[in-house]
Amino acid sequence: MNDLLKTISIPIEGMSCATCAERNARALRQVPGVKEADVNFGTQKAVVKYDPEVAGLPALADAIKSAGYKAITEKTTLAIGGMSCASCVERVEKALQAVDGVILASVNFATENATVEFIAGEVTPDDLARAVAAAGYKVIATEGEAAGEGGEDAEARARRREYRRLQRKVLAGALLSIPVFVGSFPEWFGSLGRLNNVYVLWALATPVQFWVGWQFYVGAAGAARHRSTNMNTLVAVGSSSAYLYSVAGTLFPSFFKSQGLGTPMYFDTAAIIITLILFGRMLEARARGQTSEAIKKLMGLRPKTARVLRGGQQVDIPVDEVGTGDIVIMRPGERLPVDGVVVEGGSSVDESMITGESMPVTKQPGDEVIGATINKAGSFRFRATRVGRETALAQIIRLVQEAQGTKPPIARLADVIAGYFVPGVFAAAALTFVIWIIFGPAPAFTYALLNFVAVLIIACPCALGLATPTAIMVSTGKGAEAGVLIRGGDSLETAHKIGTIVLDKTGTLTRGEPAITDVITDGWDEGEVLRLAGSAEQGSEHPLGAAIVAGAAERGIALEEARGFNALAGQGIEATVAGRAVLIGNPGLLAGRGMRLNGFEERARLLSGEGKTPMFVAIDNNPVAVIGVADRLKEGSREAVAALKKLGLEVVMLTGDNRRTAAAIGAQAGVDRTLAEVLPDGKAGEVKRLQAEGKKVAMVGDGINDAPALAQADVGIAIGTGTDVAMEAADITLISGDLEGVITAISLSRRTIQIIRQNLFWAFFYNTALIPVAAGILYPFFGLLLNPIFAAGAMGLSSVTVVSNSLRLRRFKAGRFKAAKAA
């Protein structure tokens, strides 16, 4: 069933606090077929896992709409070629509707146009064109704004429009509120006090209340329709109370004087509250935009055009038009448009923006290349193998976006509290009003109203809602920059609790292929031994033979053609090279031919004790050398293990090798513990046994043979290859295959959880400390009351403080083995 589930990220417009996010999440979870739904207030997105056979995107968009918000969508019109009858219309519609992210597709046979509505950022024009082509038709032209050039931009445009609208309203609010404030205190401003006319103040405050602050009323009304409350409700009720009280005082001054209340004049309070809160939201929106900088950087890596061979000619085309199998031509300094395999030429390619590896990588025919990387020196041609949404870059962006939409367990308490927060604040404000009415000094009603407003205004569920998602956004983005893809908030939180890390030997600690480590001779020239042995082994398919051939080639030794090659099962090989009989194999092979090993046995035992395989070489029936072959440690493995131990982790090596070989390699790597002779299907059991000892275990493997163990571990960390970035069994994927990524992942997790805890502490402390102050708890002791204007400023500052603290994660460094020091 899980194989049928799809995950989609839906940008949402209109959310203003954590309560809004929780309402959207509840609405989405109620849609039949939805298995999981998380809404991130920080990113303003929902990440939904659903069964497409049961739940469709229209139902998800309708659920968001029913909650009082709007999914950000785009529309585009495609001119379709090749339709000849009404059945063609149905076929094209079905093909377009099947594209992930498409909400609705409608094809008009008369105009030969298709109108497609889709989730912004989830669909590109190339996706639609390929779907139409697969159905047997052709997209002739595209009208309107589409994703890729437009889809993700559509969401960005919506956010920019909202930010500019806030800017305009804050400016208008300030221009109107300042005269209201000046006129409200004529004794402070001398000649400017002429503004102290109640009707002038009323006229200036009204547009602030009902135009600048209109969004608070819209949000509050939307929540009321669903029998709920949110941040907008607090602001609308609080500012309206001050405004309407002042209007009543303006229209019926004699009534208030007869009650001993004086003339209530709090237009300044209402106007400045609205302006300050909008100013806080504007700063918050700007800071939130900075938290997604990493995603923007990744999106900016994709080049706009590609140079391909078409009809024997070199042509520049939009990158969306590059198809699988196209031959792409690269010149020095250019960025690769898509993924592929080199077919001609060679160069060095800077892959740091994808893998985090700083050194350029040499590329020759047959090597894979990754889109968005930079060709440094040479010119080459490559065949496109992954385009559009299938490229490594597109998959990385998608994984990071999904991770940013998830919530770790630490966020759930904040979500529960945020759900009850606004009703709780209303209860506290009502209680404050009642207490001041009963026990407050004259004029009790005025004191009661001002403190009621202060409590409503100072409460800040936004800080609670932003505490976790903003930190998750920044940290997952920083991880992606370093070649570490974190699948979700759960993985990020669990990683900081890890006490034991299990490293699969082959391909993780070691290179995964045997290589020559020692050549011990009885006086023969080492190069001559390798020339004869390497030439003889050219016909062998055994990995140990391939290691000798590769070792000779690495040393620049020219090999000759061997004759009479014969593979001796379980023993070795024999062949004739340049007229000399060459025999390579185990001691039994040589002894069976009547040869004495001339003291090589002791040297072979020493090699075996170091975890190496000894291979005896005889020339013309005389033993002349023993060659040691072993799977060598990767460069930096020993340093990585040392850095992991500095983080306080127990490092365990898991391998199928015999105990002696495993112990030798474990000692070289410096691990704490070695688990040897473990078959592939027993790896998950070993992880389970470690967990049974009460340990939190992370497993690091290649993500293929190790999939069961990766799934069993508390955190599964898969070593990728630069293009294989979607390993389902793993919680974290290291694109570069460098163990430094493990250090980065764990250090980043620890730093992120530290920031989240700071944010939550601040948010809880702020609300628990200042709500009582706003209610007037200090008045009996010090005669101090909190002016609602200062309450509004403090509320805005609270959200900005939380987001700014999360932005400190942008300074996280993942340099070579330096992350361990930063944790």
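1. On confidence, the protein chain has a mean pLDDT of 82, with 87% of its residues reaching 70 or more. Where pLDDT is low, the predicted coordinates should not be read in detail.

2. The sheet is open and consists of 6 strands, paired antiparallel in the order S20-S25-S24-S23-S22-S21. Strands S20 (510-521) and S21 (562-568) each have a single partner and stand at the edges, so one side of each lacks a neighbour in the sheet. From one strand to the next, the twist averages 20°.

3. Within this sheet, S22 (residues 572-577) and S23 (residues 580-585) run antiparallel and are joined by 6 bridges, and Glu-574 stands opposite Leu-583 in S23. Helix H21 (residues 526-536) lies across S20, S21, S22, S23, S24 (613-619) and S25 (622-633), and runs at about 105° to S22.

4. The loop between S24 and S25 contains Asp-620 and Asn-621, neither of them a glycine, with positive phi values near 50° for Asp-620 and of about 65° for Asn-621. Asp-620 counts as partly exposed at 34% relative accessibility, whereas Asn-621 is exposed, with a relative accessible area of 54%.

5. The peptide bond from Ala-442 to Pro-443 is cis, with omega near -10°, and Pro-443 is found in the loop between helix H15 (409-439) and helix H16 (444-458). Most residues other than glycine have a negative phi, and most peptide bonds are trans.

Definitions and conventions: Residues numbered from 1 in each chain as written. Predicted model: local features only at pLDDT ≥ 70, side-chain atom pairs only at ≥ 80, totals over all residues. Heavy atoms only, no water. pLDDT = per-residue confidence, 0-100. Pairing = 2+ DSSP bridges. Helix = DSSP H or I, 4+ residues; strand = E, 2+ residues; numbered from the N terminus. Axes fitted to C-alpha atoms, helices over the stretch in contact; angles between N-to-C directions. Contact = heavy atoms within 4.5 Å. Buried < 20%, exposed > 50% of the residue type's maximum accessible area, 1.4 Å probe, protein only.
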